Amino acid sequence: MSETQAPTSSSSLDAKPKPLADLQTLVSLCKRRGFIFQSSEIYGGLNSCWDYGPLGADFKFNVKMSWWKAMTRRADIVGLDAAILMHPMVWKASGHVDGFSDPLCDCKSCKTRFRQDTAPQKDGKTICPNCESKDVTEPRNFNLMFKTHMGPVEDASNVVYLRPETAQGIFVNFENVQTSTRKKIPFGIAQIGKSFRNEITPGNFIFRTREFEQMEMQYFVKPGTDMDWFEKWKESRLQHYAALGFSKEKLRFKEHGPGELAHYARAAFDVQYEFPFGWQELEGIHNRGDFDLSQHAKFSGKKIEYFDEAAKEKFVPYVIETAVGCDRLVLAILCNAYNEESVGAEGDNDSRIVMRFKPSLAPIQVACLPLSKKPELQSVASKIRDDLAQDFRADYDEAASIGKRYRRQDEVGTPFCLTVDFETQNDQKVTVRHRDTMAQDRVDMTQLAQYLNEKFKTF
Ligand code: ATP
C-alpha cells in the first residue's frame with residue numbers, strides 16, 4: 001500500500017491466530033517496544049530485577065487501577081498504603097522470622113544453588129536441576145527476608161526487614177482503619193505495594209523476582225461465616241479475571257492439601273494460569289482464621305477485637321485473603337493477549353503481532369496518524385491527539401507507511417488508530433481503524449471523543 005493511500009475496507013484475517021509459543025518471544029517484544037527492560041542493563045544486568053519502560057509503566061499502572069477499582073469501589077472495602085519498613089516484632093509475631101524459609105541445597109558438582117522442594121527427584125533422592133548430579137548437600141533452611149539496618153549504626157539492635165508481604169501492614173492497622181472508618185464486619189482492607197523476598201531460584205522473566213508488587217485484600221468476617229466468604233471470594237476473583245479477558249480454559253483452582261497448608265491457613269486455593277512454561281500460581285486465596293490478629297495481640301500486649309453492637313458481643317475476626325502479584329498478573333495478561341496472525345489486504349506485511357489487551361488496560365488507547373508527512377495533515381492529526389489526550393492515553397505517529405504504523409500499534413495493543421487523510425479536509429472525517437478486526441469507520445472529527453467513549457464502554 002502506498003503512503004498516500006488510506007486503506008478503506010476491512011482486511012482478511014487468518015482464522016487461526018498463533019498464541020505465544022515461548023517466553024523469549026515476549027521478553028524480546030517487551031524490550032523492543034519499551035514495556036520491560038533488564039535492570040541495570042549497561043552494567044550487565046542484575047539477576048531477576050526488571051524495569052518497566054514507558055509503555056510498561058502505563059500498562060502496569062492500568063492493571064493496578066483495575067484491581068484497585070474492583071476492590072475499593074465496593075462499599076465494604078477501603079484502601080491502605082502502609083510503610084515497607086515495619087517494627088521488627090511484626091515479623092516475629094507473623095511467624096516470618098522463624099518460619100519464612102525455603103530448603104536450600106548446593107550441587108557439589110556444578111555449584112548450582114537450588115530449592116530442594118521444587119527440584120527433581122530420582123530414586124528417592126534430590127538431584128541437581130542443572131546437571132542432574134546426585135551429589136548435593138543436605139537441605140538447610142534459608143530465610144527469605146531481606147535484612148537491613150535502620151539508622152547509622154549497623155548492629156543487631158537496629159535490624160529491620162523489607163516486608164515480604166503487604167498483609168501485615170493491614171493486620172497491624174486493623175483497629176485504626178475500623179475505628180476511623182466505622183466499618184462494620186464484614187469489611188475488607190485493600191493494599192498495593194512492593195514486597196521483597198530473597199528467592200533462591202527467581203526466574204521466568206517477571207514471574208518470580210526478588211522485588212515485586214503485591215495486591216492484597218484482607219476481608220474481616222465473623223467466625224463461622226468464614227467458609228461462605230471464602231467461596232464468595234473465589235467466585236468473585238474468577239469474575240475479575242474473566243473481565244480482564246482470561247478464558248476459562250486458561251485458569252484453574254488448585255487446592256492446598258493438608259500437608260501443603262501454610263501455618264496460618266485454615267483453607268487455601270491457588271488461582272493458576274497456564275503460562276508458556278506450564279500451570280503456575282497467579283493468586284492465593286486463603287482463609288487465615290484469627291491467626292494474625294491473635295498473634296499481634298499476643299506480641300503487642302494490646303487487645304485486637306471487634307465489638308458487634310447489634311449482637312453486643314466481642315470477637316476476633318477471621319480473615320479471608322486474596323493475594324496476587326501485580327508483576328505476575330502483568331506477565332499473565334501479556335502472555336494471554338499475544339497473538340500472531342496472517343493478514344490479507346492491509347499493510348505492507350502479510351502477518352502481524354497483535355496484543356489483544358482489554359482496551360482499558362492498553363498503554364495507548366488511541367493513536368493519531370497523518371496519512372503522510374504533509375504539514376496540513378500533520379497539524380490536524382496532532383491537534384486531534386492533543387484534544388483526545390484530555391480523556392484518553394493518546395499517541396501520535398507519523399513515521400513510515402500507514403501499514404507499518406498500524407502494525408506498530410497492533411504490537412503494543414492500541415485498540416484504535418485514527419488516520420487523517422486528504423479527504424479529511426473536505427468531509428471533516430477521519431478513518432477509525434479497529435485493532436482486532438482491522439475494520440474501518442469514517443467518523444466526524446467533532447464526534448471522536450464520544451465515539452471512543454461509546455466503544456470503550458462496550459469493548
Ligand atoms: P510461590 O509459591 O510462587 O512462591 P507464594 O505461595 O509464596 O508463591 P504468596 O505468599 O501467597 O505466594 O503471595 C501471593 C502472590 O504474590 C502470589 O500468588 C504471586 O502472585 C505473588 N508472588 C509471590 N512471590 C513472588 C515473587 N517472588 N515474584 C513475583 N510475585 C510473587
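1. **Ground rules.** Because this is a predicted model, local features need pLDDT of at least 70 and side-chain atom pairs count only at pLDDT 80 or more, while totals for chains, interfaces and linings use all residues. Residues are numbered from 1 along each chain as its sequence is written, and side-chain values use heavy atoms, with hydrogens and water left out.

2. Strands here are DSSP runs of E with at least two residues, helices are runs of H or I with at least four, and both are numbered from the N terminus; two strands pair if DSSP finds at least two bridges between them.

3. S3 runs parallel to S11 (residues 187–196), and four bridges join them. Look for Gly 79, which stands opposite Ala 190 in S11.

4. Axes are lines fitted to C-alpha atoms, for helices over the stretch in contact, and angles run from 0 to 180 degrees between N-to-C directions.

5. **The three-stranded sheet.** Another open sheet has the order S5-S4-S8, with antiparallel pairing. S5 (113–115) and S8 (140–143) are its edges, each with a single partner strand, so one side of each has no neighbour in the sheet. The twist averages 50° from one strand to the next. Four bridges join S4 (residues 101–106) to S8, and Asp 102 stands opposite Phe 142 in S8.

6. **A helix pair.** H2 (residues 54–72) packs with H7 (residues 226–243) at an angle of about 140°, their axes 12 Å apart. The contact (heavy atoms within 4.5 Å) is made by Ser 66, Trp 67, Ala 70 and Met 71 of H2 and Trp 233, Arg 237 and His 240 of H7.

7. **A buried asparagine.** Asn 339 is found in strand S19 (residues 338–342). Its relative accessible area is 12%, which counts as buried (under 20%; exposed is over 50%, partly exposed in between, with a 1.4 Å probe and protein chains only). Leaving out residues up to four places away in sequence, Asn 339 touches Pro 17, Lys 18, Pro 19, Arg 352, Ile 353, Val 354 and Arg 356.
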